[in-house]
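Subject: Structure for you to look at

Hello,

Here is the structure I promised to pass on. Please open it beside this email and follow along.

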Amino acid sequence: MATTIQPYLDKLAKLDFSKMYNEDFLLTWEKSTDELQALYAVADALRNLRERNISTRLFESGLAVSLFRDNSTRTRFSFASGSNLLGLQLMDLDEGKSQIAHGETVRETATMISFMADVIGIRDDKFIGKGDAYMREVSASVKQAFEDGVLDHRPTLVSLQSDMDHPTQSTADILYLINEFGGLENLRGKKVAVTWAYSPSYGKPLSCPQSLITLLPRFGMDVTLAHPEGYDLMPELVDVAGKFAAESGATFKKTYNMAEAFEGADIVIPKSWAPYAAMEKRTNLYAAGDDAGIDALEKELLAQNATHKDWCCTTDLMAKTAHGMDTIYMHPLPADINGVSCEHGEVENEVFDYHRDGLYKEASYKPYAIAAMIFLQKAKDPIATLKALEQGDTPRWFQA
Amino acid sequence: MATTIQPYLDKLAKLDFSKMYNEDFLLTWEKSTDELQALYAVADALRNLRERNISTRLFESGLAVSLFRDNSTRTRFSFASGSNLLGLQLMDLDEGKSQIAHGETVRETATMISFMADVIGIRDDKFIGKGDAYMREVSASVKQAFEDGVLDHRPTLVSLQSDMDHPTQSTADILYLINEFGGLENLRGKKVAVTWAYSPSYGKPLSCPQSLITLLPRFGMDVTLAHPEGYDLMPELVDVAGKFAAESGATFKKTYNMAEAFEGADIVIPKSWAPYAAMEKRTNLYAAGDDAGIDALEKELLAQNATHKDWCCTTDLMAKTAHGMDTIYMHPLPADINGVSCEHGEVENEVFDYHRDGLYKEASYKPYAIAAMIFLQKAKDPIATLKALEQGDTPRWFQA
Amino acid sequence: MATTIQPYLDKLAKLDFSKMYNEDFLLTWEKSTDELQALYAVADALRNLRERNISTRLFESGLAVSLFRDNSTRTRFSFASGSNLLGLQLMDLDEGKSQIAHGETVRETATMISFMADVIGIRDDKFIGKGDAYMREVSASVKQAFEDGVLDHRPTLVSLQSDMDHPTQSTADILYLINEFGGLENLRGKKVAVTWAYSPSYGKPLSCPQSLITLLPRFGMDVTLAHPEGYDLMPELVDVAGKFAAESGATFKKTYNMAEAFEGADIVIPKSWAPYAAMEKRTNLYAAGDDAGIDALEKELLAQNATHKDWCCTTDLMAKTAHGMDTIYMHPLPADINGVSCEHGEVENEVFDYHRDGLYKEASYKPYAIAAMIFLQKAKDPIATLKALEQGDTPRWFQA
């Protein structure tokens with residue numbers, strides 16, 4: 001462990017990330033590569049300070065409001081951890097306790113929970129075309145309330161997963177890779193397979209693979225996206241991936257063949273997701289309250305899934321990669337593991353178990369990813385603030 | 001924004017509020033006008049300090065226990081915010097998780113949750129004759145436990161709404177008016193319409209209008225209470241309103257005519273509530289477990305409500321007030337808005353929307369109202385403590 | 001109240017408790033008597049500091065994760081209080097929100113919630129052979145994650161009640177006795193009746209009486225265990241009780257006669273529990289998903305219980321004790337009180353009411369018991385750390 005965060009501060013000094021202050025973090029593709037690099041540097045710096053037992057509290061009081069429209073232990077704990085690290089108290093807006101709709105109701109509720117909220121974290125990934133839109137509605141509401149003098153500050157938003165992007169997960173993923181490969185610059189030219197995999201369950205979000213294909217090519221990684229025919233992602237985000245690859249001189253390829261994507265890969269990320277078209281249909285069925293239609297669609301999709309049980313991350317497939325079993329295998333967890341959590345799933349237990357430590361390390365970056373997003377939104381001068389924290393040297397955990 | 005809280009401290013120096021230390025805050029009419037003025041000054045001072053980024057933590061550790069016998073996002077967040085501002089951690093006593101009864105069980109549970117609780121906030125507004133009584137039972141229990149040496153301190157109570165009063169709401173309301181009119185003294189002679197309004201729902205609490213008619217006349221405001229025949233409030237509280245008006249030289253009038261109340265008003269506060277007699281009946285039906293009776297009563301009351309759809313805050317009615325649309329319109333939120341949250345409701349959208357900013361500002365005072373109640377209960381010398389906080393100048397939100 | 005914690009520090013200086021740092025607290029019988037004495041001294045010291053308004057925060061940030069596999073207001077609040085006293089924020093892993101199974105799932109979830117967790121408190125007392133085993137599984141998981149470099153520290157565990165032991169309760173119990181009798185050394189030779197009592201409910205945990213019979217004899221207390229035939233505790237723990245009694249020169253006796261146990265007792269602790277054999281059977285029925293079998297067993301056990309309604313702590317029985325009604329009566333609460341919470345129960349209201357203050361005081365030690373367990377796990381040099389806290393003299397509750 002480095003004994004100072006100076007290298008991170010030196011890196012930050014060369015980047016332009018001035019627009020992150022007082023702004024939301026919803027989609028990585030709306031951020032510049034400088035801003036993303038600043039995010040990674042701040043996340044690593046915060047981790048370094050915590051591991052050296054230096055407190056990184058920015059706040060003596062203040063709330064971090066979480067709004068989960070989907071159950072989630074891991075993301076919930078990551079958000080609680082990241083905001084607690086900065087001194088904020090978690091306050092959960094439980095939808096069971098307080099129904100939230102759209103339109104004026106969103107505007108009003110968003111304002112009512114924000115009088116002392118410094119950050120709002122939202123997870124809303126279920127319905128195509130809805131999640132990111134909802135976050136923007138909340139963001140616009142609290143911005144308006146700030147401008148109208150109702151709020152004395154502007155609470156900023158962190159997307160904890162939308163229908164489009166999963167920025168805290170992809171940030172954790174790339175932080176893991178940066179630390180595994182010894183620097184962001186070392187990721188250039190690495191070959192990554194982002195592939196679909198079979199799962200006995202249905203309707204897993206598209207935002208995980210979308211967050212990866214839109215992010216990794218920006219730093220020169222050669223991404224191959226593989227899935228069975230019909231399991232398309234949102235087409236505009238596939239376009240974004242291609243555009244970023246072109247800009248950075250990396251390649252972005254698509255295939256309907258899992259083995260082809262694994263061929264020579266340095267990193268494999270196989271995970272199930274639902275077909276885009278089906279998810280759009282499902283969103284419309286829900287909107288129409290068509291329960292019979294929803295049931296029928298679910299049956300149809302499960303049957304369709306079942307024809308692709310061969311899309312599994314096996315030891316045979318791993319053998320085709322650049323480093324065999326030592327090729328990095330990633331997953332946001334929990335995974336569907338053959339013979340462990342299901343009969344047939346996304347990955348063979350032998351592969352999963354071999355990579356368990358790495359998978360857990362991958363996950364360990366998420367609280368820091370979230371803390372760094374908040375930090376950059378809340379510290380007017382992040383470099384000076386990090387330096388002051390290091391010099392202040394207040395122990396997080398007091399030992400006499 | 002004032003650059004010092006000295007004016008508030010000067011105001012406090014002239015008031016006698018010594019009895020608020022270590023006491024509960026349940027009903028405003030049990031407090032002297034000096035005490036209420038101290039409350040408003042402390043709330044404004046805490047808001048000023050926070051807006052100037054000065055920490056107002058009184059506590060390094062300690063719990064603020066909330067007990068909601070009714071779901072409530074807004075009040076829940078206000079209580080969390082107000083107590084967090086002072087350094088207390090919210091701990092919710094969820095009734096779903098731990099059933100609470102009366103008698104010895106109240107005494108025992110109240111003690112068991114209080115070993116490290118500095119304040120207890122209770123919302124119990126559903127049943128006439130029960131809410132305030134329950135709070136007093138909890139208060140007596142923890143006082144007893146303190147006197148018996150079981151607790152090393154006395155946790156104080158804040159009513160977050162009872163069957164009788166809603167002191168945190170009425171405090172927020174008057175703080176809003178004080179700041180709109182530039183001082184409490186400027187409220188004298190202002191004409192206020194506290195009126196019933198139609199709602200398609202049933203059984204809304206009486207404590208909102210009761211909290212207003214018993215408070216506003218104390219500061220010289222001329223209040224007219226309007227409602228359809230049969231929608232009486234608790235008679236003893238109407239008497240309290242009249243008594244306070246007489247003492248301050250203000251007028252307190254009753255009418256069965258909404259337009260009459262709006263005539264020449266400076267402030268209008270139209271909101272639905274249930275008839276007192278029906279609520280008493282309902283409480284007895286619940287106590288008797290008479291489900292059929294409860295259903296029948298609900299139908300009867302909804303039908304009765306439906307005969308009063310003309311009790312709506314319209315632009316036509318606003319035209320009768322002293323300042324037309326610019327007359328202050330208030331509501332504790334959420335309101336039943338015509339064509340927005342229901343077909344016919346308490347207010348026309350044109351009126352509501354015109355006053356949206358004001359309504360949100362009104363709500364923004366609630367966390368400070370709660371924080372000030374706790375502050376006055378917990379600071380032995382509030383003036384010296386506020387001064388020390390201002391001079392200490394610890395940033396709430398650290399920026400290097 | 002002592003004006004310094006020096007006497008506790010002097011006591012600690014003579015004890016060897018160096019192995020408690022960075023370790024779990026699951027079963028008292030795994031701890032040496034030196035370690036237990038250190039626990040009591042630290043608990044009393046923390047209480048003294050808090051009562052003298054001195055902050056005992058060790059943490060600027062960090063989570064205390066609670067995992068209740070059983071509803072519990074009292075233990076929940078005790079854990080929240082104890083961890084808040086040290087500066088940790090409670091984060092509840094609600095099983096309703098995130099199902100937890102065994103095996104790899106435990107390992108993964110335990111790791112995912114622990115990235116910023118300093119302590120994990122678990123209550124899992126329902127199923128014989130499962131609770132303690134589950135805690136060890138969680139403990140092994142986070143230890144492994146620490147050793148693998150996934151966690152930057154090792155979160156330690158506190159058992160908030162298992163199938164075997166209830167260490168936070170028995171610690172609160174003995175702290176109460178220590179303070180009542182003026183020192184641990186004064187407990188030697190005191191006669192304690194740990195007896196079964198009738199309850200109209202079914203399946204109460206065995207860990208309460210087990211925690212008492214395994215702890216009290218270690219400090220020279222003469223324990224008599226009484227219960228109806230068939231209501232055995234876990235045999236290996238009865239053996240542990242006998243072994244400890246032999247070591248300390250105390251007596252440990254068993255009887256099927258409640259009155260015999262009360263004869264000449266200085267302390268009586270009558271409480272219901274379920275027969276060990278039945279609980280084992282029940283665990284197997286649950287594992288097999290045999291709902292009909294579970295229902296049948298419940299009926300059988302309630303019928304069996306009903307034949308022992310005479311096992312009640314009456315004034316008549318109290319008269320047989322060493323000090324009549326002034327003999328100490330203890331209960332972890334809530335108790336089944338005749339004519340109050342049930343028709344026939346564990347204790348007559350006259351006895352319960354006479355001892356109410358003492359019972360509440362007994363409970364008041366639990367937050368300190370928990371805080372002391374965490375403190376000894378987290379302070380490398382507890383004596384120096386306590387001394388530094390006392391000298392730092394930071395007010396917990398600021399008063400200017």
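This is a predicted model: local features need pLDDT of at least 70, side-chain atom pairs count only at pLDDT 80 or more; totals for chains, interfaces and linings use all residues.

Start with the open sheet of five strands in chain A. Its order is β7-β6-β5-β8-β9, and the pairing is parallel. Strands β7 (252–255) and β9 (328–329) of chain A sit at the edges, so each pairs on one side only. Now look at β5 (residues 191–196) and β6 (residues 222–226) of chain A. These two strands run parallel and are joined over five bridges. Within this pair, A:T195 stands opposite A:A226 of β6(A).

The two domains of chain A

Chain A splits into two domains. Domain 1 covers 5–165 + 366–392, and domain 2 covers 168–362. Their centres, taken over C-alpha atoms, are 26 Å apart.

How much area do domain 1 and domain 2 of chain A bury between them? The value is about 2500 Å², with 65% of it on carbon and sulfur atoms. On the domain 1 side, A:W29, A:Y40 and A:I128 supply 28% of the area buried against domain 2, more than any other three residues.

In contact are 29 residues of domain 1 and 33 residues of domain 2 in chain A. The salt bridge count between these domains is zero. Polar contacts do occur there: the rule finds ten residue pairs. On the side of domain 1 that touches domain 2, α2 (33–51), β4 (156–162) and α15 (366–378) of chain A each give two or more residues. The largest share, seven residues, comes from α2(A). By class, this side of domain 1 has 13 nonpolar, seven polar and nine charged residues.

Where chain C meets chain A

Next, turn to the chains. Here 38 residues of chain C are in contact with 39 residues of chain A. Together the two chains bury about 3500 Å², and carbon and sulfur atoms give 56% of that. From chain C, the residues C:E60, C:E108 and C:M116 supply 20% of the area buried against chain A, more than any other three residues.

How many salt bridges cross the interface of chain C and chain A? The rule finds three. One salt bridge joins the side chains of C:D118 and A:R396, at 2.9 Å from N to O. There are also 14 residue pairs in polar contact across the interface of chain C and chain A. On the side of chain C that touches chain A, α4(C) gives the most, with six residues. That side of chain C divides into 16 nonpolar, nine polar and 13 charged residues.

Best wishes

Terms used: Residues are numbered from 1 along each chain as its sequence is written. Chains are lettered from A and ligands numbered from 1 in the order in which they are written. Side-chain values use heavy atoms; hydrogens and water are left out. Helices (H or I, at least four residues) and strands (E, at least two) are DSSP runs, numbered from the N terminus. Domain bounds come from an automatic or database domain assignment. Contact means heavy atoms within 4.5 Å. Buried area is the accessible area (1.4 Å probe) that two parts lose on being put together, summed over both. A salt bridge is a side-chain nitrogen of Lys or Arg within 4 Å of a carboxyl oxygen of Asp or Glu. A polar contact is a pair of N or O atoms within 3.5 Å; within protein, one must be able to donate a hydrogen and the other to accept it, and residues adjacent in sequence count only if both atoms are side-chain atoms. Ala, Val, Leu, Ile, Met, Phe, Trp, Tyr, Cys and Pro count as nonpolar, Asp, Glu, Lys and Arg as charged, and the others, Gly among them, as polar.
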